[in-house]
Amino acid sequence: MNKYIVEPYKKSKDATKSPLRYPGGKFYALKHIMPYITCVPHDEFREPFMGGGAVFFAKKTVAINILNDLETDIIDFYEWIKNEKRCEDLIEILSIQQANRERHAEVKCMEPATDLDSVFKTYYLNRTSYCGIINRPAWGYAEGKSSPPANWGKFLRDASTKLQNSDLYSMDFSEILRMPATGKHVLLYLDPPYYHADQKRAYTKPFEIEDHIRLARELKQTKFEFCLSYDDCPEVRELYHWANINDVSWLYNTDNKPGQNRKACKEVIITNYDTEKKI
Ligand SMILES: C[S@@+](CC[C@H](N)C(=O)[O-])C[C@H]1O[C@@H](n2cnc3c(N)ncnc32)[C@H](O)[C@@H]1O
């Protein structure tokens, strides 16, 4: 087992923000997670549960980047904006949008006729729905608090640049873990749905107890180094009793209601490498 020195989080020069609002997104946890990622030298990075990709967008881009999520709409969206010309086409349509309830209701009912319509629908609903949930979305945009349509173009261009050196997939996580290595040193960052998920409709594909067990089994066997973030509960501690479990806690955004929008969150960061803290 390798041992790495965990140092306080320093923002990478090429760091950017996820273009998406994402349920379970790790933006507010970067300070806690990134030290466990940046301490591991690697030339191949894999993120099997990408979602909004807070960690991928924040970290230094390496030679090989394999990004995956079972949610096809999300991966189709990333594939689309990865192409600079298509990204500009999307920005052009978004630049004339209003963020209001009427338009949200219209877009929600829209039957996309083209791929561009589909990614437009995904992105518009992500930015204007409660918690960014696009599965049966509810209006969730707060004027003066949520990012207005005028800012969306910059989010998309920055993300497009960051995605240039990546390979995108929409498969079950196990396929990503089993891919043979191309680089010399592979690092996995995994952020599966919580064991005790409180947002059942956040994702369209269910992640059941058997899936949590399957993930632990695969990770026990992997030859690659991994960093895994999870909700802190006895079941997760039992599944990973053979690995290193680090306690962390942070505040995260739950919704747009003023005064009650940040909730304390206790999580664990699990690794199959040893770490020594210099924090
Ligand atoms: C907690 S979210 C990831 C959030 C992400 N780390 C971020 O910062 O936005 C978990 C993700 O796992 C995806 N997922 C669920 N089941 C999956 C599976 N079997 N294989 C791959 N991805 C899956 C969901 O679609 C969801 O996007």
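In helix α6, the buried residues are V119, F120, K121, T122, Y123, Y124, L125, N126, R127 and T128, where buried means that 20 or more other C-beta atoms, placed from the backbone, lie within 10 Å of the residue's own, exposed means 12 or fewer, and partly exposed lies in between. This is a predicted model, in which local features need pLDDT of at least 70 and side-chain atom pairs count only at pLDDT 80 or more, whereas totals for chains, interfaces and linings use all residues. Residues are numbered from 1 along each chain as its sequence is written.

Helices here are DSSP runs of H or I with at least four residues, and strands are runs of E with at least two, numbered from the N terminus. The cover over the buried residues of α6 includes α3 (72–82), α4 (84–94), α5 and α7 (149–163), with contact taken as C-beta atoms, placed from the backbone, within 7 Å.

Let me take α5 next. The axes of α5 (residues 101–109) and α6 (residues 115–128) come within 10 Å and cross at roughly 140 degrees, which makes α5 oblique to α6. Axes are lines fitted to C-alpha atoms, for helices over the stretch in contact, and angles run from 0 to 180 degrees between N-to-C directions; under 35 degrees counts as roughly parallel, over 145 as roughly antiparallel, 65 to 115 as roughly perpendicular, and the rest as oblique. On the α5 side H104, V107 and K108 take part, and they meet K121, Y124, L125 and T128 in α6.

Now to α3. Here the axes of α3 and α6 are 10 Å apart and the packing angle is about 110 degrees, so that α3 is roughly perpendicular to α6. The residues that make this contact are D73, D76, F77 and W80 of α3, together with S118, V119, T122 and Y123 of α6.

Most residues other than glycine have a negative phi. With 21 C-beta neighbours inside 10 Å, C131 counts as buried. R136 also lies in the loop between α6 and α7, and its phi is positive too, near 50 degrees, in a residue other than glycine; R136, however, is exposed, with 9 other C-beta atoms within 10 Å.

Technical notes:
Contact = placed C-beta atoms within 7 Å.
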